[in-house]
Amino acid sequence: MEDKLIVIATETNSKALVLKSYLEANGVECFLRSVNVLQGAIAEGVKVLIRESDAEKALKLLSAMHHDEEIKKADQQLRKILVPVDFSEPSQNAARYAVMLASRYNAQIKLLHVFNSPVVDMIPFTDVASIQIDFDMNYHVLYNSAKERLVKFYENLLEFANQMGFADVQIGYTLREGYAAYGIIEASKRYKPGIIVMGTKGEGYRSTELVGSVAAEVSDETHIPLLVIPEKAVLKGVDEVKRVLYITNFDSNDNVSIRKLLKIVSPFQVELHCIHVTDKSESPGINALMATTREYLASVTSNVSIKCDIIVGKETDKSVLEYINKNSINLVALTSVKRNLIYKLFNPSLAKRMIYQSDVPVLLFHA
């Protein structure tokens with residue numbers, strides 16, 4: 001039976017040629033159609049075809065190619081760190097930690113404060129102009145107050161950087177009006193940082209602070225890695241990051257998250273732990289998945305000690321926290337999956353629970 005040709009992609013001529021070279025270098029024969037010979041460099045709609053029998057292999061290669069591009073992009077963006085602040089002690093702690101990270105990555109820091117301008121109470125006024133004047137005056141007062149506090153925070157951070165020998169770290173700041181989570185998300189789209197670093201307080205703290213719920217919302221809405229520094233985290237310096245834990249649920253996004261994690265911790269000599277928590281005492285399927293994960297870790301790491309464990313326990317949070325304490329973990333990483341609102345209300349994600357309960361920094365990747 002004849003092995004028919006199928007279209008695997010439609011690109012410009014130059015991109016199609018690159019894709020053809022990549023696939024054929026990995027053993028997949030390719031054919032191009034609709035090539036504009038006279039204007040080949042700018043031709044649009046060039047079809048890349050492969051044999052149907054090579055489809056599975058080609059799709060895996062394309063997936064790997066996409067992952068490599070994401071890692072390369074993340075590496076370039078690590079030159080920028082966004083630090084949302086609310087002037088609390090956890091924010092100061094996070095900003096100082098970001099300075100130490102920036103010194104390792106040769107990165108610049110952008111401090112961000114998002115202030116909320118409440119709507120003016122609609123009490124009786126003689127005319128509409130009075131309402132507008134009152135609104136403008138309130139906004140002006142709030143803006144000036146927020147800017148004054150942000151400048152003072154910035155100056156204190158510069159002083160810290162100088163005292164610690166990080167005077168070469170570039171630090172800037174920006175002020176936005178709006179709701180905290182949305183303001184952070186919009187700023188990250190414009191600034192395009194490689195990582196967001198923010199401090200949080202535990203559940204139940206004043207809603208005006210950058211509490212765990214804000215961090216969780218930011219993680220849900222952006223694909224930028226989010227490093228959360230809990231209030232209880234005691235940070236003496238980034239050099240103390242020695243043992244890193246990745247919590248896997250054997251999701252299809254784990255490979256990308258793991259490679260991003262390895263890129264982020266590459267300036268440090270770390271021991272990598274990878275665990276999966278299950279309530280099944282014996283499961284050949286889970287054992288096989290962990291074996292595959294271990295093989296993948298070994299293939300993408302060098303000179304990194306790897307330890308993989310399957311933890312049996314009915315309470316995931318408790319099992320993870322016990323593992324952190326027992327193994328002196330310095331950084332926890334996991335992939336956060338966006339879920340619908342109703343499900344989140346009645347079943348908070350492991351990522352959000354870790355933000356509230358962990359005493360060590362938590363690094364969140366978004367699937």
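What is the volume of the largest cavity? In this predicted model, where local features need pLDDT of at least 70, side-chain atom pairs count only at pLDDT 80 or more, and totals for chains, interfaces and linings use all residues, that volume is about 90 Å³. Residues are numbered from 1 along each chain as its sequence is written, and side-chain values use heavy atoms, with hydrogens and water left out.

A search of the whole structure found two cavities of 30 Å³ or more. A cavity here is a set of points, on a 1 Å grid over the protein atoms alone, where a 1.4 Å probe fits but cannot get out; lining residues have an atom within 4 Å of a point. Volume is the space filled by probe spheres set on the points, which are joined across faces, edges and corners. Among the residues lining the largest cavity are Tyr97, Leu101, Tyr105, Phe268 and Leu363. Helix α3 (residues 89-105) gives the largest share of this lining, three residues. The lining comprises 11 nonpolar residues, no polar and no charged ones (Ala, Val, Leu, Ile, Met, Phe, Trp, Tyr, Cys and Pro count as nonpolar, Asp, Glu, Lys and Arg as charged, the others, Gly among them, as polar).

Turning to the sheet, three strands form an open, antiparallel arrangement in the order β1-β3-β2. Strands are DSSP runs of E, at least two residues, and helices runs of H or I, at least four, numbered from the N terminus; two strands pair if DSSP finds at least two bridges between them. β1 (5-11) and β2 (30-33) each have a single partner strand, so one side of each is left without a neighbour in the sheet. Six bridges join β1 to β3 (residues 46-51) in the antiparallel sense, and Glu11 has Val46 in β3 as its bridge partner.

How values were computed. On a 1 Å grid over the protein atoms alone, a cavity is a set of points where a 1.4 Å probe fits but cannot get out, and a pocket is an open set with protein on both sides within 12 Å along at least five of seven lines; lining residues have an atom within 4 Å of a point.
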